[in-house]
Each structure stands twice: as C-alpha cells, then as structure tokens.
Amino acid sequence: MKYGHSLSPCLGLKPPLPHLVIVRVNANNCWSRRKKKSNCVLRISAASYQKLVQSALSETKLHTVLEPSSLQERFGCMNAMDGKTELQMLSYVAPKIRLLRSMSIQNESMQVLDFAAFPELEFDVPIFCANFFTSADKNIVVLDLNPLHDVMRHRDYKEKYYNDLMPLCLKYIELLPWGGKLTAESIKFFSPTVIWTKFSSSQFNHEVLFSAFMEYYQAWLKLMDQAVEAVDASQVICNREAQHRYLTWRAEKDPGHGILKRLIGENTAKDLMRNFLFNGINELGSKTFLDYFPEYHRGDGTVNEKRSMIGRSFETRPWDTRGEFIGDNF
C-alpha cells in the first residue's frame, strides 16, 4: 500500500548506524566471517540489538534521570538450556516512568529484542513497545506507541497523542509495509501509527528499522516530557486498570512465549513473562485474563489458547493516512 511518502536520504539515527556484517554458523557453533557461500547465513547488525538498546538508554538520559530497577537484581543475564543462547535483561525507573526494560536474546541463528517503557500511573501516555525478531531468512517487527485507552472509542485520546505522530508513521510504513494478517483482538492494543512488518535482511532494511525505532522512541520521550500528572484520582484508577489489562493480555498472548519456553523451560519462561517483561500484573490489579476477556473462557474454567476468538484478521493496514480506522467493525 503506497502513501506517497518516502524516507529522507539522512535517516537521522544518532549515533551513526553500524555496517552490516554477514556471518555463518560453522560446525562448532561459533561465529566466523563468511568467506564462501553458505546455506545457513544470518545477517545481523554488527552492533546488534543490544547496542540499539544502549543508544535508546543514552537518548533517555538526555530527558530524565535513570535509576536501576529493583528487578535488575533478579533479572540480569541468563543462559538458555541449549548452552548457546544468552538472554540479557535491563530495567530502570525514572520520574514519570514506572518501568523501562529490555530483553535481548542472541545465538548463532537468531536475535530477539523486546523493549518497552511504561509510564507511571498518573500519566495516560501510551506504552512504548518494540518487538524485533531476526533469523537467517526473515525479520518480524512490531513497533508502536501502544494506546493506554481504546483509540477507536476515545477520540480525544487519539487526537491528544496520535494525530501529530501520523507524519512520522507515514515516513516509514511505505518502506516497512504491513506484515500480513493481524487478529482483531490484537489490533485493539495497537495505535494507528503501528509498524507491523516482515522483511528480508539487508543493510538498508536494518538501517530503516533502527532509524524508525529511534525516531519513535524520541517521539515517546517527548510525550513524556510534556505529560501532565493527573490530579483526579478516578483518572489514575482508570490508567491503572488500562495498564493492567494490557499487561494481562500480553503475558497470556505474547507470541514470544513459545521461544522462551523452548530456551529456558515453561516455568522460568512464565516467571520472566509475568514478573519482568510484563511486570505489574500482580501489583496493579487483581483481575484475571478471563475477567478481562471472558470470550476465552472454556467450560472447564481454563483459557482457550486459540489466537483469535472472533475469526477476523486484517491483511492490509486498517488505518488511512489520517489515522482513521477503515477496517470492518468487529
């Protein structure tokens, strides 16, 4: 889908983007530079997603004061059961920011980045979300400022946070086009500015992605700078429940759960999901997944694990260039 916008020649990422390195996996499971053709090639950034996280943290420090979260003592570096994969977690707090956290996973065949920033409950600013998966032959990306409140029902919230972000969105969605089917349930947690895409690895594609990440994150930091603390207790309660609902959904339905379960086992994966990646489930509310989403209730009281209960999915971008929803009602 073309929108008539293009990326400027200067991507504007600071610090400068690294060159792409092409590596192959040898029989001893170690990295080496490719000197001849190989059937197993992983194209990754020389700086890796961990360096991208460091760039984001440096940018954050220009806006606020970061302090390590108490979670850092428990969730730091973890080795997977295969002995080849490392998981690195970082977590911080700051004025206005309840939790800023990242998880990066890397081995000889894939890279994963899960980076998110949650505002304090006194602020209704969207949640920054970046989920990147890179393997030898594909990249799967979600990048968004996830709305705290439903942008289709709360027009004032959409106008407050997303109308001014549409030019930034249009700058990138032609180069990072819609990635295919997205379920109706999931779409409720995304904004009109979401980048949901799949692409083959190349230096240009990764530079565009890294630039989009930084510009979206800079936009989020600016929103946090401008955010005004709610003085109405009912608004804080509303924000609290909105964050809890979001965390409950993500912890149950996040597609990264399968990868984590294979790497570190089901119990450790569940602990990591609930207490680190989506921290706040136990602290911000007592409602369960089925309280928020009763349509997933099975007769035996368990959660139906089907990805979509409605059966509706969006194969093309369901928002127009003004950020208006143009998908069928669901």
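Biologist: How do the residues of the lining of the second largest pocket divide into nonpolar, polar and charged?

Modeller: Ala, Val, Leu, Ile, Met, Phe, Trp, Tyr, Cys and Pro count as nonpolar, Asp, Glu, Lys and Arg as charged, and the others, Gly among them, as polar. Here the lining of the second largest pocket has six nonpolar, five polar and 10 charged residues. This is a predicted model, in which local features need pLDDT of at least 70 and side-chain atom pairs pLDDT 80 or more, while totals for chains, interfaces and linings use all residues. Residues are numbered from 1 along each chain, and side-chain values use heavy atoms, without hydrogens and water.

Biologist: What is a pocket, and which residues lie nearest the centre of the second largest pocket?

Modeller: On a 1 Å grid over the protein atoms alone, a pocket is an open set of points where a 1.4 Å probe fits, with protein on both sides within 12 Å along at least five of seven lines; lining residues have an atom within 4 Å of a point. Of the 21 residues lining the second largest pocket, Ala-251, Glu-252, Lys-253, His-257 and Glu-305 lie nearest its centre.

Biologist: How many residues line the largest pocket?

Modeller: The largest pocket has 35 lining residues, and those nearest its centre include Asn-131 and Asp-254. Its lining comprises 21 nonpolar, six polar and eight charged residues.

Biologist: What is the mean pLDDT of the protein chain?

Modeller: pLDDT is the predictor's confidence in each residue, from 0 to 100. The chain has a mean of 85, with 83% of its residues at 70 or more. Over residues 1-47, however, the pLDDT is below 50.

Conventions: Contact = heavy atoms within 4.5 Å.
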